[in-house]
Amino acid sequence: MAAVRDKTVVVTGAGGGIGAALARRFAAEGARVVVNDLDEAKAQRTADEIGARAVAGDASAVVPAAREALGGGIDIFCANAGVGTGGGPEAPEEDWALAWDVNVMAHVRAARELVPEWLERGSGRFISTVSAAGLLTMVDAAPYSVTKHGAYAFAEWLSLTYRHRGIDVHAICPQGVRTDMLAATGTAGDLVLTPTAVEPEDVAEALFAAMTEGRFLVLPHPEVADYYTARAAEPDRWLGGMNHLQQKLEQAEGRS
């Protein structure tokens, strides 16, 4: 697509899963891509596959190194890296801190680096991989749910603040996607996400459709729009349904 050809793109968490699918699609559309991942070998493998540059390391600090690898500015930034921290308020403090740092603050730090450049030239695109949990919630995963709500709120704020100044923002909010993260969700994932899980390539396709149509919200599972509407219109009914799901999870796991 014309909006992508010859553009410079950074995808964080692109060693596999959704990130790798996004990187492949951008490269196939003619973009120059930087593949970022904490795992250097995975980043290099994806980069080699698509003829991109690999920049390993923390997604929170990737922008300067990515600029250097690209030999200039960044046109499109995909804040895709994330952690699926489970548990509730009893989860260790470091788990909450990690979820906040990766799922929210990495996005903030990237925008802090990129927005001034984009405002100066009047264009830029920020893509946030959020999750349907950012619109709804996820049972048995308070740190994940809370921080994904934060990621969605930040993407929303970027869009409403800068869209008239040439910055496009997209929030990708899938339910289950067949990735290593889904495999690690255990019984909760099996109960809630696996039955309707899609492939990472389906997420990339949904993003490109949204980019073509100029849409902020990217829903690889269209039914999420109905759930989101129901949640807003009848919150107690929606919470009752989610509590029923929580009870099914506890029964499946043999909790008292």
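# A guided tour of the fold

Among contacts in the protein (heavy atoms within 4.5 Å) between residues at least 6 apart in sequence, 66% join residues at least 24 apart. The model is predicted: local features need pLDDT of at least 70 and side-chain atom pairs count only at pLDDT 80 or more, while totals for chains, interfaces and linings use all residues. Residues are numbered from 1 along each chain as its sequence is written, and side-chain values use heavy atoms, with hydrogens and water left out.

**The whole chain.** Begin with a cartoon view, in which ten helices and seven strands make up the secondary structure. These are DSSP runs numbered from the N terminus: helices are H or I with at least four residues, and strands are E with at least two. The radius of gyration, taken over C-alpha atoms, is 18 Å, close to the 18 Å of the globule rule (2.2 Å times the number of residues to the power 0.38) for 256 residues, so the protein is as compact as a globular protein of that length.

**The sheet.** Select the strands next. They form an open sheet of seven strands in the order S3-S2-S1-S4-S5-S6-S7, with parallel pairing; two strands pair if DSSP finds at least two bridges between them. At the edges lie S3 (53–56) and S7 (217–218), each of which pairs on one side only. Now select S4 (residues 76–79) and S5 (residues 124–129), which pair in the parallel sense over four bridges. Ile-76 stands opposite Arg-125 in S5.

**The cores.** A nonpolar core is a set of buried Ala, Val, Leu, Ile, Met, Phe, Trp, Tyr and Cys residues joined through side-chain atoms within 4.5 Å; buried means under 20% relative accessible area, with a 1.4 Å probe and protein chains only. Select Val-10, Phe-77, Phe-126 and Leu-158, which touch the most other members of the largest core, a set of 47 residues. H4 (93–121) is among the elements that give two or more residues to this core, and its share, eight residues, is the largest. Centre the view on Phe-126: its contacts beyond four places in sequence include Phe-77, Trp-118 and Leu-158. Finally, select Val-35, Ile-76, Cys-78 and Ala-204, which are included in a second, separate core of 30 residues.

How values were computed: Buried < 20%, exposed > 50% of the residue type's maximum accessible area, 1.4 Å probe, protein only.
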